[in-house]
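Please read these points with the model open beside you.

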Amino acid sequence: MSHALTETEQILGPRPDMTLVIEYDRVVEIWVAGRAPRIRVRDYDWGRTDPAPVFDGEGFAYCDIHWSGPAWALGLSLHPPEQETPMAHSDLTHIPLDQLAVSKLNMRHGRKKPDVSDILPSIREKGIRQTLLVRREGETYGVIAGRRRYFALLELAKETGTNPLVPCAIMNEEDAASAIEASIIENVARLPATEMEQYTAFRKLADEGQGVEDIAAFFGVTELQVRRVLALASLAAPIRKLYADEEIDRETIRALTLAAPARQADWLRLWKSETERAPLGRACRAWVTGGTAITTDKALFDLAGYEGAVTSDLFGAHAVFADTGAFWAAQAEAVAARIEHYLACGWRDVVCLDRGDYFQRWDYVQTTKKKGGKIFVEQRHDGTVTFHEGWVKASEARRTARLTEDGDTAAVSNTKPEMSGPMAEYIGLHRQGAAAASLLAQPAIALRLMVAHALTGSSLWTVRTHACSSRRDDTRDSVENAVAASEMAKARTEVTALFEALGTSLPRANGDAYALCETFSALLALSDEEVCQVLALTMAETLEPGGPVVEAVLHVCGTDLGRYWSPDEAFFDLLRDKRAIHAMVADIASPSVAESVVKESGKVQKALIQNRIEELDAGAADAPC
């Protein structure tokens, strides 16, 4: 049964299949039977990790990729010349290496020199088998795609002292947008770009007139992802540089995209201040929004009729209300309408709790509307409003049960509470004062209550555990595999066992009053030594990195840093300053050795340091006990 020919097939005729076989990041086989083929990619590298791979005739796993991009993006040009686009229809020629340079339109222009050790042996042995994509830029040619091959050729030229001719495809120099697209395809297909690199690439395409939909379709990503990356354009250039230099984290940069230019300037002043501190992470989001951020999904009212300001949050599922006062005014009207509806439906009463007060479910009993059940309205500071239907106070339920047992009919009419709201507040504040004063004479109980607060949190306590949030994989691996991380994990296991022995689990920070009381009760059953063990772990997990407090703890505890850390690959990879490297050589070897290698590269000097450390470790291991 034949199928209808597509427009492409009508122009080019039946399209044969082409298959590329990839192993270890290289195309090792090309199967093609004609012009303008449909391209399939067999990626054996991905096949090794794919949970549902395809298997070839010999039983090897691979990923079957249907390439939807143009052939030139894979270094191929198989269309008839009259059907090629200006970018695909390039002139092939050989250009001397010294006439090439990395183009400013290349996505990775300005980045550090890449590691080419993996492709250099192949190029040294067989030469360049895939052309470089270049465009005329003044007196020279700019490399659009093939930057790593270009640097590998530079290494080869340095070794041989020659100026080789490089096979190149020359693009139309007027087509800047196509050049940017070619560079992006080359780099994204090889290595996932950082968010700032994506921003640079997307920004260039946007400046060339490409819309968000076009950029999203080009990369095969959602429009939201493109908008999120382009949101970095709203940031001041110094803030973008801090993010590119990894001085601030992703949570902070996303919070700052919500800030107006004046607010960003305020944050930068705090960052540069020697006496004040700029908020980071979740604190930065609260600082930008003026407190707790209220998202639009919390609204009970119709957003179409809302006249207040709403800030778009591209990194969250919902937008954020810019004016919390206007939000609560509109929310109060919606809550009042819901209350009237409940009363009209025959509910006995609707009780609105003060904003921030929790509905303490354990103090209530659930019942039906006919048996006097009430509606309790719980309003959180984050804008969440919950209507708890069919509940009565446990004491009221017990009183009703006693009256029923005595043969009397339980009263179902509205009964005024024993205490008004102001009276309950008055008594509650005096009870709080008495409890606080009592703790002054009971330091052991106060200690346990403080630990319970640090573990679970409350409306007045907000404690966050530290999480390693480095954007560098090697840094995270180094920290997570260090001796300190191992000791922390062991301590966490021991503390978990203490709570499990009491029939409960290790508490987590959720601000719930019931969980706080439960944790307090468990800590009262532990000895002072065990409570101090829990306290030490809690403090250790909430110790903020990178500040003077860490230095103070190391000093007071007399910590032997050598026990917890020794230079590893991640450290040497980050070590760049020649002066620091030279000083380390002088310290670990001798000043004379340092002087003898002062003109050597940083790589050579770092290797010397590593070798010296290994010698010292070996000597320490062989030394008699």
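1. Of the protein's 625 residues, 34% count as buried, where buried means under 20% relative accessible area, exposed over 50%, and partly exposed in between (1.4 Å probe, protein chains only). This is a predicted model, in which local features need pLDDT of at least 70 and side-chain atom pairs count only at pLDDT 80 or more, while totals for chains, interfaces and linings use all residues. Residues are numbered from 1 along each chain as its sequence is written, and side-chain values use heavy atoms, with hydrogens and water left out.

2. The secondary structure comes to 26 helices and 16 strands; helices (H or I, at least four residues) and strands (E, at least two) are DSSP runs, numbered from the N terminus. The protein exposes about 37,800 Å², of which carbon and sulfur atoms supply 54% (Shrake-Rupley method, 1.4 Å probe; for residues, only the protein chains shown count as cover). Among contacts with a separation of 6 or more, 62% are between residues 24 or more positions apart; contact means heavy atoms within 4.5 Å.

3. Which residues of the largest nonpolar core touch the most other members? Leu100, Leu132, Val134 and Tyr150 do, out of 21 residues in this core. A nonpolar core here is a set of buried Ala, Val, Leu, Ile, Met, Phe, Trp, Tyr and Cys residues joined through side-chain atoms within 4.5 Å. At least two residues of the core come from each of strand S7 (100-102), helix H3 (120-126), S8, S9, helix H4 (147-160) and S10. H4 gives the largest share, six residues. In soluble globular proteins, nonpolar side chains tend to be buried together.

4. Not counting residues up to four places away in sequence, Leu100 touches Ile95, Leu132, Val134, Tyr141, Val143, Tyr150, Val166 and Cys168.

5. S7 and S9 pair in the parallel sense over three bridges, with two strands counted as paired if DSSP finds at least two bridges between them. Val102 stands opposite Val143 in S9. S8 and S9 run antiparallel and are joined by five bridges; they form a hairpin with two residues between them, and Gly138 in the turn has a positive phi of about 70 degrees. Strand S8 (residues 132-137) is also joined to S10, in parallel, by four bridges, and Leu132 is opposite Cys168 in S10. Strands of a sheet pair through backbone hydrogen bonds, either parallel or antiparallel.

6. How many residues of S9 are buried? Five of the six are, so S9 is largely enclosed by the rest of the structure. Strand S10 (residues 165-171) is also largely enclosed, because six of its seven residues are buried. Ala145 is found in strand S9 (residues 140-145) and is buried, with a relative accessible area of 7%. Ala145 is the bridge partner of Leu133. Ala145 and Val102 are 43 residues apart in sequence, yet their C-alpha atoms are 8.9 Å apart in space.

7. Helix H9 (residues 237-244) has Ile239, Arg240, Leu242 and Tyr243 as its buried residues. Seen down the axis of H9, these fall within an arc of 155 degrees, so they line one face of the helix; the arc is that of the directions from the helix axis to the C-beta atoms. After H9 comes Glu246, with a positive phi near 65 degrees.

8. A further sheet is open and has four strands in the order S13-S15-S16-S14, with mixed pairing. Strand S13 (350-352) and strand S14 (364-366) stand at the edges with a single partner strand each, so one side of each has no neighbour in the sheet. From one strand to the next the twist averages 50 degrees (axes are lines fitted to C-alpha atoms, for helices over the stretch in contact, and angles run from 0 to 180 degrees between N-to-C directions). S13 and strand S15 (residues 374-379) run parallel, joined by three bridges, and Val351 has Phe376 as its bridge partner in S15. Helix H13 (residues 324-344) lies across S13, S15 and strand S16 (385-393), at about 40 degrees to S16.

9. Leaving aside neighbours within four places in sequence, its contacts include Trp328, Leu353, Arg355 and Val385.
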